[in-house]
Amino acid sequence: MNSILYIVVITAIAGIGGTGLGSVISCLFKKDSNRIVSLLLSFAAGVMIAVVCFDLLSEALVESGVFLVIGGLAAGYIIIALLNAWIDKETNSEVAHIDESHPKTADSLEELTHANHLKEHMEGRQPRSGLFIAGLIMAAAIALHNIPEGMVIGSSFAKTADELILNRAGITMAIVIGLHNIPEGMAVAVPLISGGMPKWKAVMITAITGAPTIIGALLGYYIGVLGPVALALALSFASGAMLYVVFAELLPESILMWKSKLPAMAILIGIVTGLIIIYI
């Protein structure tokens with residue numbers, strides 16, 4: 001099998017398959033899904049912390065100097081933060097029925113995905129064009145998350161580009177990203193199902209949102225194979241982007257959705273799981 005095709009297939013399984021699996025799980029555990037998603041988000045965050053700190057960044061430091069890695073790390077974090085800030089601003093300004101009494105924090109799945117605005121649009125209190133724009137913005141947000149996740153997979157394959165089927169680094173990252181995409185898929189699918197969408201359609205739409213992961217994987221791979229410096233930049237940039245997702249989104253969302261000490265335990269279990277995936 002061609003190496004590029006192989007990377008596309010593996011990434012598709014992690015991206016499309018992971019989010020799709022999350023949506024299937026949401027069909028089975030619709031009740032009390034906030035708590036389930038909170039634990040899964042925390043677990044995924046723990047796995048990603050372990051992978052970034054003990055694998056991606058350590059490999060980047062081997063390939064290049066510490067200041068280059070810090071620069072790539074900062075660039076990945078800042079760029080994703082700025083893009084997310086723009087998306088949040090556009091979303092909030094588009095949904096005109098948000099007022100002073102509207103919650104400002106995503107403490108439920110409906111708030112997290114703006115699905116609680118669907119009723120406003122369906123009852124005609126907001127124009128249908130606004131719903132279309134909101135859908136585009138939400139699609140952009142999902143794509144934004146999945147592209148750097150794909151870069152992690154692609155740059156990991158580039159670490160050992162001479163290997164293919166037994167490429168441990170790439171397969172490991174694909175497994176980690178696939179695990180991370182499960183709660184993300186649940187967070188997208190549960191409000192769709194709660195809003196009355198047929199389960200099969202919600203599963204299909206949710207799975208498709210993982211497709212941009214493939215674009216990120218190809219981008220990360222092609223940059224990574226250019227040389228040691230390019231590989232270090234790809235790894236550190238992807239690491240910065242993933243750390244933003246972990247500390248600015250996954251963990252705050254998890255805590256807001258279930259104010260309990262159990263998500264912290266899930267983070268620890270996730271870190272241990274990440275270490276096992278990397279070193280065993």
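**A buried residue, a kink and a cavity**

Modeller: Happy to. Glu249 sits in helix H10, which runs over residues 228–257. Bear in mind throughout that this is a predicted model.

Colleague: Is Glu249 buried or exposed?

Modeller: Leaving aside neighbours within four places in sequence, Glu249 is in contact with Asn84, His145 and Tyr244. Its relative accessible area is 9%. A residue counts as buried when that value is under 20%, so Glu249 is buried.

Colleague: Thanks! Now to helix H1: how far apart are its end C-alpha atoms, and what span should we expect?

Modeller: Helix H1 covers residues 3–28, which makes 26 residues. At 1.5 Å a residue, the helix should span 38 Å. The end C-alpha atoms agree with that, being 36 Å apart.

Colleague: Where is the kink in H1 centred?

Modeller: The helix axis bends there by about 30°.

Colleague: Which helix gives the most to the lining of the largest cavity?

Modeller: The count comes to two cavities of 30 Å³ or more, and the largest holds about 50 Å³ of space. Its lining includes Met48, Val152, Met173 and Met242. Helix H2 (33–63) and helix H7 (168–194) each supply at least two of the lining residues. With four residues, the one that gives the most is H2.

Terms used: Residues numbered from 1 in each chain as written. Predicted model: local features only at pLDDT ≥ 70, side-chain atom pairs only at ≥ 80, totals over all residues. Heavy atoms only, no water. Expected span 1.5 Å × (residues − 1). Bend = angle between axes of the 7 residues up to and from the residue. 1 Å grid on protein atoms, 1.4 Å probe; cavity = no way out; pocket = protein on both sides within 12 Å on 5 of 7 lines; lining within 4 Å. Points joined across faces, edges and corners; volume = space filled by probe spheres on them. Buried < 20%, exposed > 50% of the residue type's maximum accessible area, 1.4 Å probe, protein only. Contact = heavy atoms within 4.5 Å.
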